Amino acid sequence: MVHCAFIFDKAILDGLTDRADRRVEFIWESVHELDARLREHGGGLIVRHAVAEAEIVKLAKALGVESVYANHDYEPGAIARDEAVSAALARSGVAFKTYKDQVIFEKAEVMTLGGTPFSVFTPYKNAWLKKVTEKDLFSRRYLPKTGQFTPQVLDIPSLESMGFVRTNLAALKIPSGTSGGHALFEDFLKRIDHYDEARNFPSVKGPSYLSVHLRFGTVSIRELAKAALARWRATDSDGAATWLSELIWRDFYFQILHHHPRVENRSFKPEYDAIKWVNDPAHFEAWCLGKTGYPIVDAGMRQLNETGYMHNRLRMVVASFLTKDLQIDWRWGERYFAQKLIDYDMSANTGGWQWAASTGCDAQPYFRIFNPTAQSEKFDAKGAFIRRYVPEIAALSDKDIHAPWLCSALVLRGVDVQYPAPIVDHALARILTLEMFKQCR
């Protein structure tokens with residue numbers, strides 16, 4: 001008999017400061033959908049709001065099972081939890097079996113010819129592509145026959161009973177559950193051939209918007225990679241090739257976290273832990289609130305605060321601005337993203353932040369610093385995205401909206417004077433950042 005269980009882990013949830021958390025609501029809705037599908041097969045989902053480390057053991061004893069099955073996790077805290085669960089179950093004579101699921105290749109499955117982990121993406125990607133087979137991309141769908149599930153008639157805890165409230169998830173049209181993931185995937189397949197170009201423009205429907213589904217397992221990474229690889233091979237689609245590359249980046253960051261767990265809160269390149277960051281609290285607050293005076297940075301941060309999502313191009317822009325223009329420790333930004341992003345994933349988030357800060361593996365050189373105005377002019381040329389999230393300056397022309405501080409008093413008539421002047425001068429900040437890094441080399 002198969003018992004299906006899901007634990008809303010209090011060890012995680014109790015640490016969340018915002019009780020209107022879109023991630024919790026997304027998971028809660030997805031759990032409801034999973035329960036409904038199981039009920040169609042005569043079963044149901046056991047759902048608990050408890051400390052998972054203790055509750056899993058308690059459930060196993062109560063149900064009298066021989067084995068508990070789960071999938072691998074790669075974050076240090078989750079690994080420690082699973083090790084504790086395994087030990088506790090073993091003392092009760094219950095086996096704990098875990099399997100690969102959320103990646104194509106994990107841990108040491110893709111290594112250099114010398115048997116060491118890759119630390120640069122492109123060689124890893126080439127090895128990944130050389131190794132992958134149809135078997136690796138086979139979607140593992142396990143659904144016991146009707147009657148093999150344990151019937152459940154228990155209610156799923158409400159958001160309110162767990163201390164959370166509804167968010168604007170519905171208004172944002174972020175579909176949850178496997179049905180939501182499938183719908184987004186089907187829509188993206190119609191646009192995949194243009195992904196390589198369209199993904200760079202935040203006002204364009206270019207991304208797949210599947211990141212939250214990949215994060216919470218409501219879509220199969222194998223199904224996505226299989227479709228991308230097939231499209232690329234069949235049509236030589238640049239869009240499909242680029243998207244597949246992004247999926248491989250995801251595997252890459254997972255294996256980096258596995259082999260180098262220190263990247264959770266330390267630099268991949270140890271010498272950069274000695275950087276003397278400025279860490280001005282007032283500048284950090286301005287960045288968080290989207291009030292830096294740089295419209296493209298502010299638009300990105302406001303999108304994050306209002307929706308829990310940020311366009312990938314803007315993630316790079318705002319991260320570069322925080323670390324290279326404000327000289328604020330990348331860990332401050334990483335923690336803020338961890339609080340706000342609906343698709344937050346430690347491996348990708350620490351990887352992306354350290355890439356932007358030039359402290360990580362495969363990092364951009366420290367002297368490559370994004371110019372926020374140039375990024376704005378290139379990727380939001382008509383200011384459509386800026387106008388959506390920074391309405392104070394919407395009246396400015398397509399040319400002036402990227403750098404309102406350069407406008408004359410006459411041009412600024414009718415523009416909300418509450419919009420701040422730039423909190424730093426980019427050219428000067430660039431010089432200071434270069435010197436900051438040179439002192440650590």
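**Close-up views of a predicted model**

**View 1. Lining of the largest cavity.** By class, the residues around the largest cavity comprise 7 nonpolar, 5 polar and no charged residues, where Ala, Val, Leu, Ile, Met, Phe, Trp, Tyr, Cys and Pro count as nonpolar, Asp, Glu, Lys and Arg as charged, and the others, Gly among them, as polar. The model is predicted: local features need pLDDT of at least 70, side-chain atom pairs count only at pLDDT 80 or more, and totals for chains, interfaces and linings use all residues. Residues are numbered from 1 along each chain as its sequence is written, and side-chain values use heavy atoms, with hydrogens and water left out. The lining consists of Y253, I256, L257, V263, F268, S347, T350, G351, Q354, W355, G360 and C361. Two or more of these residues come from each of α10 and α15, and α15 supplies the largest share, 5 residues. On a 1 Å grid over the protein atoms alone, a cavity is a set of points where a 1.4 Å probe fits but cannot get out, whereas a pocket is an open set with protein on both sides within 12 Å along at least five of seven lines; lining residues have an atom within 4 Å of a point. Grid points are joined across faces, edges and corners, and a volume is the space filled by probe spheres set on the points.

**View 2. The second largest pocket.** This pocket has a volume of about 1100 Å³. Its lining holds 36 residues, with E246, W249, N312, R315 and A348 nearest the centre. Elements contributing two or more residues are α8 (211-216), α10 (238-259), α13 (312-325) and α15 (346-357); helices (H or I, at least four residues) and strands (E, at least two) are DSSP runs, numbered from the N terminus. The lining divides into 21 nonpolar, 7 polar and 8 charged residues.

**View 3. Pairing of β3 with β4.** Strands β3 (residues 67-71) and β4 (residues 95-99) run parallel and are joined by 5 bridges; strands pair if DSSP finds at least two bridges between them. V68 has F96 of β4 as its bridge partner. The C-alpha atoms of F96 and V68 are 4.9 Å apart, although the residues are separated by 28 residues along the chain. Beyond its neighbours within four places in sequence, F96 contacts V68, A70, D82, V85, S86 and L89 (heavy atoms within 4.5 Å).

**View 4. Surroundings of Q102.** Q102 occupies the loop between β4 and α5 (121-131). Not counting residues up to four places away in sequence, Q102 touches H72, D73, Y74, I221, R250 and F254. The Q102 side chain reaches the backbone oxygen of H72 at 3.2 Å.

Key
Polar contact = N/O pair within 3.5 Å; in protein donor to acceptor, adjacent residues only side chain to side chain.
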